[in-house]
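Please open the structure in your viewer and keep the selection tool at hand.

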Amino acid sequence: MVSAIAKRKLKTDGILFCGENANDVTGSCTYIRFAGKQILLECGLYQDNSYLESYKINSKKFKFNPEEIDYVFVEHVHIDHIGLLPRLVSEGFAGRIIMTKASAVIAKHLLLNCAFILEDEARVLSKRYGREYKPIYTEEDVYNTLPLFKVYDEYNSIKELDDIVSFQWFKNSHCVGAAQLQLILNDGLKRKKILYSSDIGALNTKNHYVENTEIPQSFNDITIMESTYGLNTRTSKKTREFDVEHLRVAINTVLERQGTVVLPAFSFSRSQELLTVLYLLYGKDENFTTEIVVDSMLTCDVCDDYDDVLDGKFAELWYEVRNWKNVSYIREKTDSQACVSDTTPKICISSSGFCTNGRILSYLDKYLRDINSMIIFSGYTGNDDSYLSYRIKNGKSHKTININKKPVPNRADCISMTTFSSHANFNDLLEYGSNLNTNKLVLVHGSTEAKNCLKEHLKEKISKNDKTYKVVVSERDLTIPL
């Protein structure tokens, strides 16, 4: 049974939903205690538009002693799933961080970039509020974290970590290196299996460089599953093919009128996916001579990481994309400034995806003013005015937009492609969650509304599938005994 909400640290064998993902779609962290072993399922940064709110949450005292944690399992390396690892280490964690090879390689650059951002945010807060805000962690903490990475790269193969803890990975299309976790705990008297989906990618993915997410069929006492797109309003009849054709027509239209296409994109996964789609559209066309600019130091670093971690057919495709003569990779700030100043029509991929910071702001400052140019979003753009991406997209009600505290006319065309998300959509979540072999399914990593909506649809579908397991909606400090 699910226990009452914990008011203190978990002292007996069980699962404590202590991360922000218990109530939200960010800040992933779940604590497990079993037979003297202490385990974390991820240790992610809470991400919010408010620097102050994020700082308060990310600096809160952990509900466990970092020095006592034996293992942290990392299922993929988006910052809301790994971004507090260096803080954990700075406070005494010296155990093992279990991840795939690709995750271990890419995590280094993502964490170093995160440390840079956190230091800058602390500087802004200190200036704004007239008191010292120390960074959540520093680059030194990141470098102290990297030696604790322990790579296990084989899927569907049980690995024994000690006499109590074993695990295996299952495939997950969420991003390169992603996995689902089956945690096997056995003290000789009781044996418990826990399946943790982490963020789920599509069951039939259209993204390149990843394999389809599998629905594990082995039995698990408890399954912990994400619910980011748990609202049935998130369903769409649009296909990836539709979006790619929409992209092709948009690019051709803009280039015909001598404009520039700006593609805000996250540095990891989305930028590489967009670059690949552009190559498949135009890479064999000798008449296509437009320059494609990848302008972000972190994006360039992740592209280098792809060189190292991909193999087989994925590596072959990526090699073609990387060596496409049309593409320029910009690392240095001065080169970026020169590119922004250059008026030659081009296609620019730059970060960040939400347009919250980074070099994308310089491109938006220039090209939002240009009626011949176009901003193309390839994912979630936020749901209110606090997101710059949302204001750009909703140009009719936001004819002028402040960028770096200066008003900019919002004149450029803007379209959104909805099928590039790395998250499973509502239908996939329903399919996944109703075809498990488990005693209890706990929904995390979603809004309360999304979790409750998905729960009701899952209950109906589980019953139709002649299964009987219970669906539970997580909340902060929820505990489940083991």
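Begin by selecting helix α14 (residues 448-464), which lies across β11, β20 and β21 and runs at about 180° to β21. Helices (H or I, at least four residues) and strands (E, at least two) are DSSP runs, numbered from the N terminus. Axes are lines fitted to C-alpha atoms, for helices over the stretch in contact, and angles run from 0 to 180 degrees between N-to-C directions.

The model is predicted: local features need pLDDT of at least 70, side-chain atom pairs count only at pLDDT 80 or more, and totals for chains, interfaces and linings use all residues. Residues are numbered from 1 along each chain as its sequence is written, and side-chain values use heavy atoms, with hydrogens and water left out.

**The mixed sheet**

Seven strands form an open sheet with mixed pairing, in the order β7-β8-β9-β10-β11-β20-β21; two strands pair if DSSP finds at least two bridges between them. At the edges are β7 and β21 (470-473), each of which pairs on one side only.

Within this sheet, display β11 (residues 220-226) and β20 (residues 438-444), which run parallel and are joined by six bridges. Ile224 has Val442 in β20 as its bridge partner.

Move on to β8 (residues 165-171). How many of its seven residues are buried? Six are, and the strand is thus mostly covered; buried means under 20% relative accessible area, exposed over 50%, and partly exposed in between (1.4 Å probe, protein chains only). On one side, β8 pairs with β7 (residues 159-160) in the antiparallel sense over two bridges. Four residues lie between β7 and β8, and the two strands form a hairpin. Select Glu160 to find Ser166 of β8 standing opposite. Strand β9 (residues 179-186) also pairs with β8 in the antiparallel sense, over seven bridges. There, Trp169 has Leu181 in β9 as its bridge partner.

**The parallel sheet**

Now select the six strands that form an open sheet with parallel pairing, in the order β14-β13-β15-β12-β16-β19. Strands β14 (327-330) and β19 (413-416) stand at the edges with a single partner strand each, so one side of each is left without a neighbour in the sheet. On average, neighbouring strands of this sheet are turned by 20° against each other, direction ignored.

Display β12 (residues 261-264) and β16 (residues 374-377), which pair in the parallel sense over two bridges. Val261 has Met374 in β16 as its bridge partner. Helix α7 (residues 270-282) packs on the sheet, touching β12, β13 (291-295), β14 and β15 (346-350), and its direction makes about 160° with that of β15.

**A pair of helices**

Finally, select α1 (residues 51-58) and α4 (residues 101-129), whose axes come within 10 Å and cross at roughly 115°. The two helices are therefore roughly perpendicular to each other; angles under 35 degrees count as roughly parallel, over 145 as roughly antiparallel, 65 to 115 as roughly perpendicular and the rest as oblique. To view the contact, show Tyr51, Leu52 and Tyr55 in α1, which meet Glu121, Val124, Leu125 and Tyr129 in α4.

Key. Contact = heavy atoms within 4.5 Å.
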